[in-house]
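The structure is shown first.

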Amino acid sequence: MGTKRVAQLEYSEFQAAMLDEEKRRRKAAKIVAVLAHFLGRDENVLEGLTVADIGCSAGFIADELASAGASRAFGVDIDVPGLRRAAQRFGDRVAFVCADGTALPFPDGSVDVLVFNHIYEHVVDPDAIMAEMHRVLADGGVLYLGLGNRLGVMEPHYKLPFLSYLPPALADRYVRLSGRADSYYERYRTRRGLRRMVRGFEVWDYTFPVLATPAAFAGKELFGGPAGRLAEGVLARLPRAVLRALLPVVPTYLWVATKGGRRPAGASLPRPPERVDPL
């Protein structure tokens, strides 16, 4: 594939997880629950709001955003087969648009809620997409971010330990030797790199609130059974200093970003959301 990365087209055609409806809807339930807490809304979480799922693929998350009361819902992607499936199923209430994230088809400040969930590692220029989302986000709007961490031990797409730690050439050899792919396309960043990526936004970290109180955030998508109950109890009681020390190696961050001046409006939690220090 050479040294130059190009856009991943037709992603749903070779990544079966994008068509796993049950799993995608569980992810959507978590996203809506986080947004509900930040916005301080218990019902009809997105009522009266314009929302857009950037990187929507087959449209399951966009459909759930529409179901949460959005007045207008959009799904944006370059995955044409995924968009075709999405429009066939959900086109009566979601407008699906084939567009690159670096040139979103929305006027300045016109979108109240943006969702960018586990997409940045797949795109050629995530910084350009962040700048474009900042442009289209309303002044009082919110951006939900699901962000994988380069220092998470188990790479989530290929289930290979330490894959994302490696430089591209070695990562390519690793996935080839495993028989799971011809090359490793994804490019993750560390927490520090992600903080740099969201510069210009004010960011609230929901990672530990969600892990410590999963029942409040559709937590079955994260943990289940005795292991989940154990993790919930431990995370709810660990000293804040210990949690902060763990942050660099947490595999996934759940952040809510705004243009500034807005704070989480939901009920108090054992582990409340905290500000992400800007870089």
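## Basis

This is a predicted model, in which local features need pLDDT of at least 70 and side-chain atom pairs count only at pLDDT 80 or more, while totals for chains, interfaces and linings use all residues. Residues are numbered from 1 along each chain as its sequence is written, and side-chain values use heavy atoms, with hydrogens and water left out.

## Aromatic pairs

The structure contains 7 aromatic pairs (ring centres of Phe, Tyr or the six-membered ring of Trp within 6.5 Å; planes under 30 degrees apart are stacked, over 60 edge-to-face, the rest tilted). One of them joins Phe60 and Phe90 edge-to-face, at 5.9 Å centre to centre and 70° between the planes. Phe60 belongs to helix α3 (residues 60-67) and Phe90 to helix α4 (residues 80-90), 30 residues apart; helices are DSSP runs of H or I with at least four residues, strands runs of E with at least two, numbered from the N terminus. Phe60 is buried at 7% relative accessible area (buried is under 20%, exposed over 50%, partly exposed in between, with a 1.4 Å probe and protein chains only), and Phe90 is buried at 5%.

## Arginines over rings

Arg191 lies over the face of Tyr253, 5.0 Å from the ring centre, and Arg275 over that of Trp204, at 6.0 Å (CZ of Arg or NZ of Lys within 6 Å of the ring centre and within 35 degrees of the ring normal).
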